[in-house]
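Please look through the sequence and the model below before reading on. The briefing that follows goes through metal sites, cores, strands and aromatic rings in turn.

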Amino acid sequence: MSSKDWIEKDFYAVLGVDKAASADDIKKAYRKVARESHPDHNPGDPKAEERFKAASEAYNVLSDSGRRREYDEMRSLFGSGAFRRNARGGGQPGGMPFDVSDMFGGGGGGDRRFGGAGFQDLFSSIFSGGQAGGQAAPRGPARGRDVETEVALDFGDAVRGVTLPLTLRAPGVCDTCHGNGAKPGTQPQTCPVCHGAGVTTRNQGSFSFSEPCRNCQGVGTVVEEKCPECHGSGGVTKTRTMNVRFPAGVADGQRIRLAGRGEPGERGGPAGDLFVHVKVRPDELFGRTGDDVTLTVPVTFAEAVLGTDLRVPTLDGAVTLRVPPGTPSGRVLRARGKGVVRRDGQAGDLLVTLDVVVPARLSDEARTALESFAEQTPPAAREHLDARVRRVS
Ligand SMILES: [Zn+2]
Ligand SMILES: [Zn+2]
């Protein structure tokens with residue numbers, strides 16, 4: 001989560017609480033929203049899921065008194081959300097005619113500082129009057145950020161369970177310049193415009209506004225010779241790879257939480273969580289309903305009428321199913337235990353749906369035989385329909 005998010009999101013509104021709400025009220029409100037919007041209670045409802053995520057994000061910040069204070073300070077500095085890209089409230093109190101993208105690198109300029117994640121530190125250095133980015137006043141331990149990622153699994157892997165290496169990219173501090181953006185051997189210089197404060201004050205009518213210094217982008221320092229590694233941004237994209245075990249039976253759309261596998265905490269704080277969104281690629285033969293695996297098998301009319309033994313594939317072999325004589329189209333046969341095997345050893349079934357196929361063409365011999373069959377077969381049982389037809393016509 002970036003500080004830009006902080007500016008644009010009203011966490012109090014998300015939880016439906018007042019800005020002055022107590023920690024207890026916030027906890028209660030969060031529990032209520034989380035309960036109502038939990039994905040388990042709202043399967044396949046993207047709005048509920050969105051709400052659930054937003055509530056977790058809001059609670060993450062508001063439940064931590066330090067982060068809540070930073071959030072409040074940032075929101076008041078930037079005018080409580082009136083401050084947005086394309087915001088029109090140029091002259092209003094609280095609405096600042098300043099494009100957030102200037103500051104957050106949305107314009108793609110080479111001077112941007114950390115692509116988001118580092119901003120919390122940047123702002124805390126502003127608020128604590130720090131002279132340079134990365135030299136924030138000491139704060140308590142902070143929990144690492146939660147990380148969301150998406151993984152596509154093959155149908156068979158999802159059914160059987162699989163361990164996959166997962167590569168995550170996250171912004172980190174440049175090791176060459178330790179985040180100050182200056183070429184090794186040089187130092188960032190105090191910004192001549194804001195004299196290191198990172199903010200400038202501007203008067204407009206009877207209002208006075210503080211805004212992040214445009215010259216140094218709020219950092220308080222400027223870099224004359226840029227670090228060759230990060231091109232002066234102080235941040236680099238770091239990748240880390242970990243093996244993630246997906247349990248047998250994981251389903252499409254499921255969200256797996258791996259506690260403590262998110263971004264590392266700061267100053268001894270616990271790591272955040274990793275949330276993995278699972279997509280399961282469809283199989284060309286099999287479908288799935290919960291722990292049952294489904295398969296549709298075409299049979300001829302003669303097979304359905306006379307009965308037959310069918311050899312059908314399962315997920316890991318084949319099985320013979322007896323089709324009794326006189327089996328109607330659409331009948332579902334069950335091969336017990338041939339579905340998804342879960343970790344507790346219980347298994348779903350393979351559900352085989354018989355689809356009686358009507359031939360589009362017949363040979364002359366087949367037609368003759370069928371006509372002779374028809375003559376010797378009682379008519380279909382639709383007297384009740386014929387009676388209704390007579391009554392209405
Ligand atoms: Zn660097
Ligand atoms: Zn400045």
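**Zinc sites and their surroundings**

The model is a predicted one, in which local features need pLDDT of at least 70 and side-chain atom pairs count only at pLDDT 80 or more, while totals for chains, interfaces and linings use all residues, and side-chain values use heavy atoms, with hydrogens and water left out. Residues are numbered from 1 along each chain as its sequence is written, and chains are lettered from A and ligands numbered from 1 in the order in which they are written.

- Cys213 is buried, with a relative accessible area of 1%, and Cys216 is buried with a relative accessible area of 1%; buried means under 20% relative accessible area, exposed over 50%, and partly exposed in between (1.4 Å probe, protein chains only).
- Gln217 lies in the loop between strand 5 (207–212) and strand 6, where strands (E, at least two residues) and helices (H or I, at least four residues) are DSSP runs numbered from the N terminus.
- Gln217 counts as buried at 17% relative accessibility, and its phi is near 55°, a positive value in a residue other than glycine.
- Most residues other than glycine have a negative phi.

**The site of ligand 1**

- The zinc ion (ligand 1) is coordinated by the SG atoms of Cys174, Cys177, Cys227 and Cys230, at 2.2 to 2.4 Å.
- The site of the zinc ion (ligand 1) is tetrahedral, with angles of 104 to 115° among its four donor atoms, and its donors follow the spacing C-x2-C-x49-C-x2-C along the chain.
- Cys177 lies in the loop between strand 2 (162–173) and strand 3 (189–190) and Cys227 in the loop between strand 6 (221–222) and strand 7 (235–246), so the pair ties together parts that are 50 residues apart in sequence.
- Cys177 is buried, with a relative accessible area of 4%, and Cys227 is buried with a value of 1%.
- His178 is also placed in the loop between strand 2 and strand 3, but His178 counts as exposed at 67% relative accessibility, and it has a positive phi of about 55° although it is not a glycine.

**Nonpolar cores**

- The largest nonpolar core has 38 residues, of which Phe246, Val312 and Leu350 touch the most other members; such a core is a set of buried Ala, Val, Leu, Ile, Met, Phe, Trp, Tyr and Cys residues joined through side-chain atoms within 4.5 Å.
- Apart from this core lies another, of 19 residues, among them Tyr30, Ala55, Val61 and Met74.
- Which residues does Phe246 touch, not counting residues up to four places away in sequence? Phe246 touches Val151, Leu153, Gly161, Val162, Leu164, Ile256, Val276 and Val278, where contact means heavy atoms within 4.5 Å.

**Paired strands**

- Strand 8 (residues 255–258) has a covered face, Ile256 and Leu258, and an uncovered one, Arg255 and Arg257.
- In a regular strand the side chains alternate between the two faces of the sheet.
- Strand 8 pairs with strand 9 (residues 274–280) in the antiparallel sense over four bridges, and two strands pair if DSSP finds at least two bridges between them.
- Leu258 has Leu274 as its bridge partner in strand 9.
- Strand 12 (residues 308–314) and strand 13 (residues 317–323) run antiparallel and are joined by seven bridges, forming a hairpin with two residues between them.

**Aromatic pairs**

- The structure holds four aromatic pairs, where rings of Phe, Tyr and Trp (its six-membered ring) pair if their centres lie within 6.5 Å, and planes under 30 degrees apart count as stacked, over 60 as edge-to-face and the rest as tilted.
- The rings of Tyr12 and Tyr71 have centres 6.1 Å apart and planes at 45°, so the pair is tilted.
- Both Tyr12 and Tyr71 are buried.
- The rings of Tyr30 and Tyr59 have centres 4.1 Å apart and planes at 5°, so the pair is stacked.

Terms used:
Donors = N, O, S within 2.8 Å, 3.2 Å for Na, K, Ca; no water. Tetrahedral: all angles 85-135°; square planar, octahedral: opposite > 155°, others 65-115°.
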